[in-house]
Amino acid sequence: MRRILPALAALALALVAAAPARALEKPTGKVVLVVTGAISETNSDHGAEFDMAMLERLPGREAMMKTPWTEGETKFSGPLGREILKAVGAKGTTVVARALDDYSAEIPIEDFVDHETILASRINGAAISVRDKGPLFVIYPFDKEPSLYNEKYFSRSVWQVKAIEIR
Ligand SMILES: Nc1nc2c(c(=O)[nH]1)N[C@H]1C(S)=C(S)[C@@H](COP(=O)(O)O)O[C@H]1N2
Ligand SMILES: [Mo]
């Protein structure tokens, strides 16, 4: 027993350490985002599916800013990209964001890790209709980092996002 108990304790600790912080729950509402590719957490055969409530429970950011797509100071809010990456256990270098109109952009993972880039789910507090470039819109922290306000980042500001592939 004296030898077995510490061994069991070590095993239990190893199991706890290996387990993800919290298993990815299953969506109960309409799926608005599917994450595939180099991820360790999935909740369906398609990869990691999210409904809006799951996304909005992740740590997020809300900020007032000017963008090329809106008029005047506008409030954007939604989950931080890095929190989505964390939730799916992303292991890669690139986030490929695909939109409903089949536009896609390759976003270096640093853009989500080093910057407070969000997948905006609300504009001025209201859900974003597809007509208004929703349901999800990659929004860089243009308010905090004016140096991002240029074509390089505009082209990565994918609207109508429906899927993300981690490469
Ligand atoms: N869904 C979607 N997002 C997109 C695009 C697109 O065609 N579809 N164009 C991208 C590019 S290349 C740029 S420069 C900006 C352009 O925004 P604008 O057409 O309003 O100038 O949005 C980006 N996001
Ligand atoms: Mo562009």
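Gly60 stands opposite Pro79 of strand β4, a strand being a DSSP run of E with at least two residues, just as a helix is a run of H or I with at least four, each numbered from the N terminus. Strand β4 covers residues 74-79 and is joined to β3 by 6 bridges, the two running antiparallel; two strands pair if DSSP finds at least two bridges between them. The model is predicted, so that local features need pLDDT of at least 70 and side-chain atom pairs count only at pLDDT 80 or more, while totals for chains, interfaces and linings use all residues. Residues are numbered from 1 along each chain as its sequence is written, chains are lettered from A and ligands numbered from 1 in the order in which they are written, and side-chain values use heavy atoms, with hydrogens and water left out.

The pair β3 and β4 belongs to an open sheet of 4 strands, in the order β3-β4-β8-β9, with antiparallel pairing. At its edges are β3 and β9 (126-127), each of which pairs on one side only. Strands of a sheet pair through backbone hydrogen bonds, either parallel or antiparallel.

Another open sheet has 5 strands in the order β2-β1-β11-β5-β6, and its pairing is mixed. Its edge strands are β2 (48-51) and β6 (104-108), each pairing on one side only. From one strand to the next, the twist averages 20°, where axes are lines fitted to C-alpha atoms, for helices over the stretch in contact, and angles run from 0 to 180 degrees between N-to-C directions. Within this sheet, β5 (residues 94-99) runs antiparallel to β6 and is joined to it by 5 bridges. Arg98 has Ser104 in β6 as its bridge partner.

Which residues surround ligand 1? They are Trp69, Ala99, Asp101, Tyr103, Glu151, Phe154, Ser155, Ser157, Val158 and Trp159, a residue being near a molecule if one of its heavy atoms lies within 4 Å of it. By class, this shell has 6 nonpolar, 2 polar and 2 charged residues; Ala, Val, Leu, Ile, Met, Phe, Trp, Tyr, Cys and Pro count as nonpolar, Asp, Glu, Lys and Arg as charged, and the others, Gly among them, as polar. An N or O atom in the side chain of Trp69 is 2.8 Å from an oxygen atom of ligand 1. A nitrogen atom of the ligand is 2.8 Å from an N or O atom in the side chain of Asp101, and a backbone N or O atom of Trp159 lies 2.8 Å from a nitrogen atom of ligand 1. Taken alone, ligand 1 exposes 530 Å², of which the protein buries 67%; accessible areas come from the Shrake-Rupley method with a 1.4 Å probe.

The whole structure has 12 salt bridges, each a side-chain nitrogen of Lys or Arg within 4 Å of a carboxyl oxygen of Asp or Glu. One of them joins the side chains of Arg61 and Glu116, at 3.2 Å from N to O. Arg61 is in strand β3 (residues 60-65) and Glu116 in the loop between α4 (110-113) and β7 (118-120), so the pair, 55 residues apart, links distant parts of the chain.

How values were computed:
A polar contact is a pair of N or O atoms within 3.5 Å; within protein, one must be able to donate a hydrogen and the other to accept it, and residues adjacent in sequence count only if both atoms are side-chain atoms.
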